[in-house]
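The sequence and structure come first.

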Amino acid sequence: MALKDFALPDLGEGLEESELVSWHVAVGDTVELNQHLADVETAKALVELPSPFAGVVKALYAEEGTTVAVGARIIQFEIEGGPEDEVAPSTSGTPAKPEREPMLVGYGPPVESGGRPSRRARRGAGAPTSAPVPVPVTVSVTMPAPAPAPESVISAEVAPPAPHPLADESNARTDGSNYEVPRSTPPVRKLARDLGVDLETVTGTGDKGLITREDVESAFGGGAAAGAPTSTSDSAGPPASAGSEVAHRMSPSFGVRGETRTPISGVRKYTAAAMVQSAFTAPHASEFLTIDVTPTMELIATLKESPGFRGKRLNLLTVVAKALCIAAGRNPSVNSRWDDKAQEIIQYHFVNLGIATATPRGLMVPNIKDADLLNLVGLSDALTGLVETAKAGTAGQADLTGGTISITNIGSFGIDAGTPILNTGEAMILALGAVKRLPWEYRGEVALRQVLTLSVSFDHRLVDGEQGSRFLADVGAILANPAVLLTMV
């Protein structure tokens, strides 16, 4: 029998880490090749991790809810094989380099470094060029105090035998000498750089003083002192006016008084990063248009009774999606992308229509490929399937990438209008407001009509005010009088 370790692969999104949401196997289980091992959350979706081996699970190196670095081992198998295939024991906790494994779909070829990412030493660092510099691989786990996580199962750390065990090539001077820097892993150092946190001022609370993500986030948030455990009583906030007994009172609005802290991870983390990038990269401009959509609502009611739409989920969003595709064809600048690296404007001659969807895991924007080629029945089916897939957390990478223009239906929450933030890389987003019966001028008189407000935000580098206005006017004209379509196609 042989022991084989399996490291978290690069799931094809260029991420440095992913969250292990749940295990579907336990130690001692017998698994088959490609059996579903675990669910891993990436920036886009919940990914099912298949087994690369058939054998028996011997160890799980990471717990559910753990953020795992790409290349860190997560599970060990016992498989049939000769002694030459066995993983040699290692005092450092890292298995010897395994033989090349079969490539898993979407993962790319396995790394031939024992599942660990490694980097070359900088020139002049004084390290021998033939020997790779070990890089620490640490899986950080949040466990209830005071019981520590078993080191042999939860973390694996590689360190060179030197006075400063975690000094690597990033700590080397050009004159060949090394100096000590705060102990942390590469993902944590990147997080600190992104947040502007000086690691020299942070005290690590991890194993042997390791600086963790929580330490960096605590230092950035200005909460409890770095290195000190946080608690509700130590958190910054208004003092209780009536003493400590206030914490035990029940609020009619919130229940037990106090605060809840949730780690920023998964979809929420990456959505936030994308929104910040979009808001501070693309110069947003917004416009609004309020229209009488009574004719469109009457058309929808009529179509629902027709044979072709029986059993279909036809609603205003379906018609707006069709109107958007037609208006985008007449105003192509709204269906484009700014390529800053190539210094080019990419104009799409097709519509991959993104639909902003609120899911239990956060905001997602899956898109309908070639939406401009679909009729109302096709759009109805596509919208139904896309939203259900996103809410179930099974949307694939293809569903969540490649969008060209988006819709957000804020009207489903009773909201009239807003200024949506562009989906990263897109030039236009249309917000659909709530339909309300309001007094409206109709044929020279005031009547109760079904009225809604359309809002658009666009990238002013790509879309001029005239082009954005014409696009919005075209969508509004179609919804105000669907017969106008005959003059547009």
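Aspartate 39 stands opposite glutamate 48 in β5. Strand β4 (residues 36–41) is joined to β5 by five bridges, and the two run antiparallel. Strands pair if DSSP finds at least two bridges between them; strands (E, at least two residues) and helices (H or I, at least four) are DSSP runs numbered from the N terminus.

The model is predicted: local features need pLDDT of at least 70, side-chain atom pairs count only at pLDDT 80 or more, and totals for chains, interfaces and linings use all residues. Residues are numbered from 1 along each chain as its sequence is written, and side-chain values use heavy atoms, with hydrogens and water left out.

The order β5-β4-β2-β7 describes an open sheet of four strands with antiparallel pairing.

| Edge strand | Residues |
|---|---|
| β5 | 46–50 |
| β7 | 66–69 |

Helix α6 (residues 316–330) and helix α7 (residues 376–392) have axes that come within 9 Å and cross at roughly 120 degrees (axes are lines fitted to C-alpha atoms, for helices over the stretch in contact, with angles from 0 to 180 degrees between N-to-C directions). In α6, Leu317, Thr318, Val319, Ala321 and Lys322 meet Leu376, Leu379, Ser380 and Leu383 of α7, contact meaning heavy atoms within 4.5 Å.

Leucine 432 lies in strand β19 (residues 428–432). At 1% relative accessibility, leucine 432 counts as buried (under 20% relative accessible area; exposed is over 50%, partly exposed in between; 1.4 Å probe, protein chains only). Beyond its neighbours within four places in sequence, the contacts of leucine 432 include Leu316, Leu317 and Val320.
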